[in-house]
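This report describes a single protein chain for computational use. Please consult the sequence and the model below before reading on.

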Amino acid sequence: MDTMKGLKRTSYCNDVDGIGTTAVVGGYVQKIRDLGNLIFIDLRDRTGIVQLAFDDATDRAVFEKAASCRGEYVLLAKGVVRERESKTDKIKTGNIEIAVDDLRILAKAQTPPFEITDDTKVNEELRLKYRYLDLRRSVLQKNLMLRSKIAKSARDYFYENGFIEVETPMLMKSTPEGARDYIVPSRIHHGSFYALPQSPQIYKQLLMVAGCDRYIQLARCFRDEDLRADRQPEFTQIDMEMSFVDVEDILEIAEGFVNRVFKDVIDVDIPIPLPRLTYAEAMERFGSDKPDTRFGMELTDISDIVKDCGFGVFTSAINDGGSVRAITAKNAAKTLTRKEIDKLTEYVRGIGAKGLAFIRWVDDSPSCGFAKFLENGELDKILERCGAEKGDVVLIVADKNKVTLPVLGALRLAVAKQLDIIPEGYNFLWITDFPFFEYNDETNSWDAMHHPFTMPADDCIQYLDTAPEKVTAKAYDLVLNGTELSSGSIRITDYELQQRMFEALGLTDEEIEAKFGFLVEAYKYGAPPHGGMGIGLDRLAMIMCGCDNLRDVTAFPKVQNASELMSMAPGSVSDEQLKELAIEIVEENE
C-alpha cells in the first residue's frame, strides 16, 4: 500500500480550478472507465467529484496502478488541471480534469454491500448496518455539513448577543420532565442511579440564579420514549436561558436567530416578527397545537346547525358537552372515493374517533348518508358554513372536544398529503397562552402541560387552587411547517409560588424535596426573573434539508426499537461489570 509521503492535498475535489495549475486531491473511487489506452476515474470526497485522467502521456507505472483501482479505493492523486474534451454539466468540475502524474493507493476496499450513490434503492436497514458506507453518499454528506452550518450560525448569533456557552452535566439526578429517563447505575453508590438529562432545564435555571444572565448550549438530551420519524432517543437542543426578561424578550431573540440561521445557511429570508396564535385558537382552527399553516382546510364548527337534528351520533356528542366539526377538502371528490373515505374512517377510528361522517358532492346534488335525519335546509346550511361546492368532500367528526379537535387536526394533515396540496416554503408560527394544567384521566389528577417550573399568567394565579382549567401559562412553542421546533416558558422564581404549584400538582413535601429540593433551596437565595427555550437542532436541520426523517440528519441514528444497527447497541455486559454495580439480571419468566 502506498503512503502520503511527499504529497499533500491542496484542494477538495469540487474546488479544483485553474487550467494549467497543479492540484493534489484525495478521496474515494466513485467510478472507473477503462477504455484500454484511456482510463478515467471519478474521484469523490465530501464536496463532490473530479475526473482523473490517464492516457498515453501518463507514466506506465502510474497508468497500471490506475488500471488496478476498484470502487471505493482511497486515492491521493497529483497532476495538472486541463480542459476536458467531453464536458458535462452534471458536476461542478464538468469542464476540467486532472492529468495525473502521481497516484497513491492509500487503501483498498472490498466490494461494498451496496452501491454508494444518492439514487439508492437499497433498504434502510442494510444501509444503517453499514452506516459508515451510507454516510459516504453525497446527500447525507450535504445534510451533515448543513447541520454543522446551523450549529455555527447558532453559536455566532448567540455569542454576538451576549450569551455565554456553559456545559451542564450529563450524569444528573432523575427528575420528572414528561418522558421516561435513561438511568445509569452508580458503581460507587450501590443502589443509586444517575439519569441522562432529558434537557438541561434545572441546571440552566440554576445558572440564572448563579448570575450568568445569558446562557447558551448545544445540549445533548436523552428521552426513553417510543420513536418515530421526527424523534430520536438522543438529540440536540440549541438551549438558551435569559435573566431579567419576559415573554416578548425571549420571542424577539428567538426570531432574530430564525432570521439569521435561514439567511446564513440556505439564503432564505424569514420575515419577522413571526405570526402568533393562542393555543385555544390553534386548536379551534387547526385541531393541533403545532399546525401546518401552509394550507387551509381549517376546522368548522357545525354544532349549532345539527344540535336538534335526528342523527343520534351528532346530538349525543353535543348533549355530552362535545361538538360536531368538519373539514372541507376542496376539489377532492374524484380522489376521495367511497373506498378512500372508508380508509380514512379506519384511520380516525385508530386515533380515537368513533367514526367519520361525510358529504361527497360529485353530481348535481351532494351525497350524504345522514341527510335523511336532517330537517329541510339543514344540509344547505352545513354546506354553506363549510364553504363546500360541487367537487368537494366534507369530513365530519362528532365527539368530546378532546377527541374531535385532535382527530380532525390529524385527518386534515393526512388528507392534505393525500391530495398533495401542501406547498413548499417555511411557515413559522408561535403558539402562546398554553393551558398550565392538563387533566390526566388515568390518575384523575392535573399534570403540568409543560413542566412545574413554568410561570402562570399573572391574572390566572387566583385560580390555582379553585379552577385549574382556567390557568394559562407564560409558555410558548415555536412551530415550523407543522413540526414543533421549540418549547419554552418564563420560569417561576418566587419560592412560595413554586411551593403552591407543586401542591396544585399533587406533590407531597417529601416528593418535592426528593426531586427538586436543590432547586427550591436555590430560590431562597434570590433568583432574577428568567425564561428560555430549547430549539431542536435535529428537527430544524431535517426541515432545512428537505428531509422527512431525523435519521437523514443524524450521523449514527437509532431505529424504531431504539437499537443502533451498526454497532448492535444496546448490548450485554459481563457478569463482572454487573457485579461491580451490584446488579443482577432476572429473567422475565422467573
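Contact here means heavy atoms within 4.5 Å, and helices (H or I, at least four residues) and strands (E, at least two) are DSSP runs numbered from the N terminus. H5 itself comprises residues 201-209, of which Gln201, Ile202, Lys204, Gln205, Leu207 and Met208 are buried. Buried denotes under 20% relative accessible area, exposed over 50%, and partly exposed in between (1.4 Å probe, protein chains only). Just after H5, Gly211 adopts a positive phi of about 90°.

The model is predicted: local features need pLDDT of at least 70 and side-chain atom pairs count only at pLDDT 80 or more, whereas totals for chains, interfaces and linings use all residues. Residues are numbered from 1 along each chain as its sequence is written, and side-chain values use heavy atoms, with hydrogens and water left out.

## Overall chain

The chain contains 16 helices and 22 strands. Its C-alpha trace spans about 90 × 75 × 60 Å along the principal axes. Of its 590 residues, 48% count as buried. Among contacts between residues at least 6 apart in sequence, 67% join residues at least 24 apart.

## Nonpolar core

A nonpolar core is a set of buried Ala, Val, Leu, Ile, Met, Phe, Trp, Tyr and Cys residues joined through side-chain atoms within 4.5 Å. The largest such core holds 91 residues, and Ile150 and Met240 touch the most other members. Helix H6 (residues 247-266) gives the most to this core, with 10 residues. Beyond its neighbours within four places in sequence, Ile150 contacts Ile238, Val261, Val265, Leu537, Leu540, Ala541 and Met544.

## Strand S16

Strand S16 (residues 393-399) is largely enclosed by the rest of the structure, because 7 of its 7 residues are buried. In a regular strand the side chains alternate between the two faces of the sheet. From S16, Val393, Leu395, Val397 and Asp399 point one way, and Val394, Ile396 and Ala398 the other. Two strands pair if DSSP finds at least two bridges between them; the partners listed below run antiparallel to S16.

| Strand | Residues | Bridges to S16 |
|---|---|---|
| S13 | 323-329 | 7 bridges |
| S14 | 357-360 | 4 bridges |

Val324 has Ala398 of S16 as its bridge partner, and Ala357 stands opposite Ile396 in S16.
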